[in-house]
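The sequence and coordinates are shown first.

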Amino acid sequence: DCLRTKPYMDLVKPKPLKEDDPPPFFMWTPIHGDKFFPKHPKELLEDVEIKEQIKGIKFIVGVNDIEGYMFVKIPGLLATFPGEKTLENLRNDLPMALMMGLSTPEPSEENKALYDALVDALLNHYLKESNPTEEDLITTAGRIAGGLLQQAQTIRTANKLRDIGADVKFYVLKKGPSHAKMFRPSFIETDHGDDLFFCFGASHA
């Protein structure tokens with residue numbers, strides 16, 4: 001059957017929603033329990049037979065140095081920062097970004113201290129300037145957003161495959177394709193998807 005005829009709820013199978021609930025933030029999420037993925041991927045990686053198959057596979061896995069500049073441009077993962085790029089807005093947006101990126105509990109008064117500590121740790125790691133410029137804030141937001149949505153999961157997967165015994169090569173792309181410079185500031189060297197141009201040879205076309 002053509003996927004265009006399928007209701008999106010049948011495809012993504014999110015947590016149970018009431019009819020008047022808005023669509024989930026991530027429309028396309030992994031599903032399991034069918035022939036293609038009989039179990040959750042984490043469970044499959046613990047299966048003895050599958051581990052033996054993985055040991056014979058060579059993997060190349062990687063990330064871009066900055067993966068999340070796209071989230072700095074339009075509201076989404078970061079709700080207010082794209083509109084007004086201030087440290088206060090970035091700090092206020094990060095609890096929800098953590099929840100959406102890492103599936104942590106919804107921010108509330110009960111866990112405010114935990115989220116405050118997580119946000120402080122992220123900003124202390126990524127934002128070295130005591131009086132940051134807008135450029136500093138944009139770079140920091142791009143690194144954090146990309147780390148939450150792309151880099152953390154990629155690194156975790158690569159480490160798991162390596163621990164199983166597979167041959168894993170890991171890369172970090174620090175320079176994007178030259179044509180991408182037309183669409184972003186000069187201080188943003190890479191963004192999500194840049195490595196695809198090199199993986200599929202477009203940089204040589």
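A residue counts as buried under 20% relative accessible area, as exposed over 50%, and as partly exposed in between, with a 1.4 Å probe and protein chains only. The model is predicted: local features need pLDDT of at least 70, side-chain atom pairs count only at pLDDT 80 or more, and totals for chains, interfaces and linings use all residues. Residues are numbered from 1 along each chain as its sequence is written, and side-chain values use heavy atoms, with hydrogens and water left out.

**Overall layout**

Helices (H or I, at least four residues) and strands (E, at least two) are DSSP runs, numbered from the N terminus. The protein has eight helices and two strands, arranged along the sequence as α-α-α-β-α-α-α-α-β-α. Of its 205 residues, 31% count as buried. A contact means heavy atoms within 4.5 Å. Among contacts in the protein with a separation of 6 or more, 57% are between residues 24 or more positions apart.

Helix axes are lines fitted to C-alpha atoms over the stretch in contact, and angles run from 0 to 180 degrees between N-to-C directions.

| Pair | Angle | Axis separation |
|---|---|---|
| α5 and α7 | about 5° | 11 Å |
| α5 and α6 | roughly 115° | within 10 Å |
| α6 and α7 | roughly 120° | within 10 Å |

Angles under 35 degrees count as roughly parallel, over 145 as roughly antiparallel, 65 to 115 as roughly perpendicular and the rest as oblique. Residue classes are also used below: Ala, Val, Leu, Ile, Met, Phe, Trp, Tyr, Cys and Pro count as nonpolar, Asp, Glu, Lys and Arg as charged, and the others, Gly among them, as polar.

The axes of α5 and α7 (residues 134-164) form an angle of about 5°, and the two helices are therefore roughly parallel to each other. On the α5 side the contact is made by Leu87, Leu90, Leu94, Ala97, Leu98, Gly101 and Leu102, and on the α7 side by Leu137, Thr140, Ala141, Ile144, Leu148, Leu149 and Gln153. This contact of α5 with α7 contains eleven nonpolar, three polar and no charged residues.

A crossing is left-handed if the near helix is turned anticlockwise from the far one by less than a right angle, and right-handed if clockwise. α5 passes α6 in a right-handed crossing. Here Leu87, Leu90, Arg91, Leu94, Pro95, Leu98 and Met99 of α5 meet Tyr115, Leu118, Val119, Asp120, Leu122 and Leu123 of α6. By class, the α5 contact with α6 has eleven nonpolar, no polar and two charged residues.

For α6 and α7, the angle of roughly 120° makes α6 oblique to α7. This crossing is right-handed. The contact involves Leu122, Leu123 and Tyr126 of α6 with Thr140, Arg143 and Ile144 of α7, which divide into four nonpolar, one polar and one charged residues.

**Nonpolar core**

A nonpolar core is a set of buried Ala, Val, Leu, Ile, Met, Phe, Trp, Tyr and Cys residues joined through side-chain atoms within 4.5 Å. The largest one here has 24 residues, and Leu78, Phe81, Leu90 and Leu94 have the most contacts inside it. α4, α5, α6 and α7 are the elements that give two or more residues to this core, and α7 gives the most, with six residues. In soluble globular proteins, nonpolar side chains tend to be buried together. Beyond four places in sequence, leucine 90 is in contact with Leu78, Phe81, Leu123, Leu137, Thr140 and Ala141.

**Individual residues**

Threonine 80 lies in the loop between α4 (70-73) and α5 (87-102). Its relative accessible area is 37%, so threonine 80 is partly exposed. Apart from neighbours within four places in sequence, threonine 80 is in contact with Asn89 and Asp93. The C-alpha atoms of threonine 80 and aspartate 93 are 6.7 Å apart, at a distance of 13 residues along the chain.

Three further residues belong to α7. Threonine 139, in helix α7, counts as buried because its relative accessibility is 18%. Threonine 139 touches Ile66, Phe187 and Ile188, not counting residues up to four places away in sequence.

Isoleucine 155 is also in α7; with a relative accessible area of 39%, isoleucine 155 is partly exposed. The C-alpha atoms of isoleucine 155 and valine 61 are separated by 8.3 Å, although the two residues are 94 residues apart along the chain.

Lysine 160, in helix α7, is partly exposed at a relative accessible area of 26%. Lysine 160 and leucine 45 are 115 residues apart in sequence and 8.2 Å apart in space, C-alpha to C-alpha.
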